[in-house]
Amino acid sequence: MQIPWSAHVQALQEAQHWCSQHLKPEHLAVPTEKDIIEIHVLDHIYITHATHLENCLRSEVLHPENYPDEWDDARMHPDAIVRLIEKRHHLLPLSEHGLIRGRILCVGEETDTAMGEGVPASDGLIDNNYLPPWDSWFAYLAGNEPSSGILLAWIPEPLEHKVQAALEVAATQPLIWLDQINQPHQWGGNPMQERLAREAYVVLIERHQE
């Protein structure tokens, strides 16, 4: 199936504008005491983490259908993703707004094990399904087999370190920065997901560097 890259490029630009407009100062501030919670892990082991990013770039108006209940383990629902992108397109203000720099994140479909380790590592920016905030989503690329697609999201630069923290602690490597897909290392995605990510790299990153 031919990938509609021109539509995905437009959706990327719209995600950049939307996220630049909706990233709030309180999301980048040092968390307060009320933002810190303690969770029980093992018999006598507790960990604390901030929660001030749980609602960051998760606009209620773009909330995907049946999220998060039917999206566990990074399960994708392509029709819901398309509707989210279309809704953002129609809601996006026409006025220009200064864009924040950022990076493209790739999520392999159904590559998470539902351990939730990304939540405390990212202060809630990456959720229990190991998915980034839905405001940042701009494309779902379907594979030729079930559960072999990838989700692409644009992460504003001030939030990159939070995603990186979740990436580093992930048990199954469900995430990868798209600009690192050609580096020699093992990604958690399957061969079809890696092929899609490499094609996305060529279209969305490599061509813009020429």
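Both faces of strand β5 (150-156) are covered in this predicted model. Ile 150, Leu 152, Trp 154 and Pro 156 are buried on one side. Leu 151, Ala 153 and Ile 155 are buried on the other. In total, 7 of the 7 residues of β5 are buried. Here buried means under 20% relative accessible area, exposed means over 50%, and partly exposed lies in between (1.4 Å probe, protein chains only). Strands (E, at least two residues) and helices (H or I, at least four) are DSSP runs, numbered from the N terminus.

Residues are numbered from 1 along each chain as its sequence is written. Because the model is predicted, local features need pLDDT of at least 70 and side-chain atom pairs count only at pLDDT 80 or more, while totals for chains, interfaces and linings use all residues; side-chain values use heavy atoms, without hydrogens and water.

β5 belongs to an open sheet of 4 strands, in the order β4-β5-β3-β6. The pairing is antiparallel. Two strands pair if DSSP finds at least two bridges between them. β4 and β6 stand at the edges, and each has a single partner strand, so one side of each has no neighbour in the sheet. From one strand to the next, the twist averages 25°.

β3 and β5 are joined by 7 bridges and run antiparallel. Cys 106 has Leu 152 of β5 as its bridge partner. Gly 102 has Pro 156 of β5 as its bridge partner. On the β4 side, 4 bridges join β4 to β5, again antiparallel. There, Tyr 140 stands opposite Leu 151.

α3 touches β4 and β5, and its direction makes about 145° with that of β4. Touching, or contact, means heavy atoms within 4.5 Å. Axes are lines fitted to C-alpha atoms, for helices over the stretch in contact, and angles run from 0 to 180 degrees between N-to-C directions. α5 touches β3, β5 and β6, and its direction makes about 135° with that of β6.

α5 has a buried face. Its buried residues are Glu 160, Lys 162, Val 163, Ala 166 and Leu 167. Seen down the helix axis, they fall within an arc of 165°, so they line one face of α5. The arc is that of the directions from the helix axis to the C-beta atoms. An α-helix has 3.6 residues a turn, so residues three or four places apart point the same way. The buried residues of α5 pack against β3, α4 (118-122), β5 and β6. His 161 and Glu 168 are exposed on the other side of the helix.

The largest nonpolar core contains 60 residues. A nonpolar core is a set of buried Ala, Val, Leu, Ile, Met, Phe, Trp, Tyr and Cys residues joined through side-chain atoms within 4.5 Å. Leu 131, Trp 137, Phe 138, Leu 141, Leu 152 and Leu 204 have the most contacts inside this core. Several elements each supply at least two of its residues, including α1 (5-22), α3 (78-91), β3 (102-108) and β4 (137-141). The largest share, 8 residues, comes from α6.

Buried residues make up 47% of its 210 residues. Among contacts between residues at least 6 apart in sequence, 73% join residues at least 24 apart.

A cis peptide bond joins Tyr 67 and Pro 68, with omega about 10°. Pro 68 lies in the loop between β2 and α3. Asp 123, in the loop between α4 and β4, has a positive phi of about 60° although it is not a glycine. Asp 123 is buried, with a relative accessible area of 11%. Gln 173, in the loop between α5 and β6, has a positive phi near 55°. Gln 173 is partly exposed, with a relative accessible area of 34%.

Glu 54 lies in the loop between β2 (45-50) and α3. Glu 54 is partly exposed, at 37% relative accessible area. Glu 54 touches Asp 123 and Gly 124, not counting residues up to four places away in sequence. Glu 54 and Leu 125 are 71 residues apart in sequence, yet 5.4 Å apart in space, C-alpha to C-alpha.
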